[in-house]
Amino acid sequence: MTDFQKAIINNDLLKLNSIKKVDIHNHAVSSCTKSYLINNGVSLSEEKINDIHSLIEFSRNYLSPLQLDIKGLKFLLDGNFKNCIETGVRVVCTEIDYKNCIRTFDYNIKQFIDFLKSFKYDNLKILWDLGISRDSYKEEYKPIIIGLLKTKFFNGIDLTATENSIPNSQFIEFYNLANSLDMTTKVHAGEQLGPEYIKQCIYDFNPKQIQHGINIVEDEAVMKLAKEKDIIFNVCPTSNVILSYAKSIKEHPIKKMVDFGLKVTIATDDLLFFDSDINSEYLKLYNEGVLSAKQLDHIRIFGLSLYDGD
């Protein structure tokens with residue numbers, strides 16, 4: 001039995017903090033802790049996030065103002081990476097939206113990239129994914145997105161926010177470019193909508209990874225398709241439950257995904273919103289009898305194997 005498995009069985013958070021793991025579904029500006037904000041003088045309301053509407057309201061009230069200048073953006077990112085290090089994350093793939101280049105850096109791509117490059121830690125590998133929010137996308141932003149992708153700085157691309165709020169056809173050019181550059185192409189799909197939308201995204205974008213994807217369990221044919229294409233699913237259980245996309249941790253679809261043989265990693269999504277770090281995600285799945293300590297360790301080791309060369 002490995003140290004990780006023993007720590008999971010014993011619910012030993014201190015030990016878990018010392019065992020390396022990855023978090024490859026992490027949103028950069030919303031992954032610090034609430035205590036980090038409060039301890040640094042940010043006053044927060046006591047209202048809890050319990051659906052997508054309260055999440056948007058929280059983001060608008062607290063995160064948007066902080067992202068208007070470099071100091072505020074750096075503050076949020078520092079908090080994210082501080083928590084990663086404290087909880088044993090050794091590789092984080094973190095999504096930052098292209099609009100941060102517009103809003104904070106006035107379209108200056110070089111300054112934006114230099115800023116992201118400034119985050120360096122001895123015990124944490126940061127891989128940046130360029131986020132594209134469906135909800136705020138406009139055709140006029142196409143040149144800046146293409147310009148950012150062509151820098152070849154970003155590890156991946158990730159289409160976020162409300163699934164299918166804008167037709168996939170608007171984003172295919174970005175994914176064709178990203179795939180041609182051998183980037184890690186990701187797309188949020190199958191959390192809000194069903195397996196048909198997952199299948200559509202697979203054919204439209206040829207993604208290497210799918211963020212969430214939990215509703216794939218509703219259609220075995222789509223699961224087979226994803227398995228054939230070797231797609232990885234980066235699953236965030238607490239996020240799914242709080243936003244009512246999964247009934248509970250105990251009934252979370254990740255068990256069916258794993259049993260079917262789909263490749264998955266366990267991730268946090270937005271720590272600030274859902275108050276559940278990477279170790280808590282693993283422990284919840286074990287304590288609710290969803291996955292065994294051995295299965296969870298296999299998932300952890302698989303995630304690390306993706307970045308053996310880093």
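A: Asp230 is partly exposed, with a relative accessible area of 44%. This comes from a predicted model. The side chain of Asp230 meets that of Lys263 in a salt bridge, 2.7 Å from N to O. Asp230 sits in the loop between helix 11 (220-228) and strand 7 (232-235), while Lys263 lies in strand 8 (residues 263-266), so the pair ties together parts that are 33 residues apart in sequence. Lys263 is partly exposed too, at 32% relative accessible area. That places it between the cut-offs of 20% for buried and 50% for exposed.

The structure holds 11 salt bridges. Another one joins Glu173 and Lys142, with the closest N and O atoms 2.7 Å apart. This pair links distant parts of the chain: Glu173 belongs to helix 9 (residues 172-180), Lys142 to helix 8 (residues 142-150), and 31 residues separate them. Glu173 is partly exposed at 41% relative accessibility. Lys142 has 24% and also counts as partly exposed.

A further bridge lies within one helix. Asp78 pairs with Lys74, and their closest N and O atoms are 2.8 Å apart. Both residues are in helix 5 (residues 70-86); they are four residues apart, so about one helical turn separates them. Asp78 is partly exposed, with a relative accessible area of 22%. Lys74 is partly exposed as well, at 39% relative accessibility.

Terms used
Residues are numbered from 1 along each chain as its sequence is written. This is a predicted model: local features need pLDDT of at least 70, side-chain atom pairs count only at pLDDT 80 or more; totals for chains, interfaces and linings use all residues. Side-chain values use heavy atoms; hydrogens and water are left out. A salt bridge is a side-chain nitrogen of Lys or Arg within 4 Å of a carboxyl oxygen of Asp or Glu. Helices (H or I, at least four residues) and strands (E, at least two) are DSSP runs, numbered from the N terminus. Buried means under 20% relative accessible area, exposed over 50%, partly exposed in between (1.4 Å probe, protein chains only).
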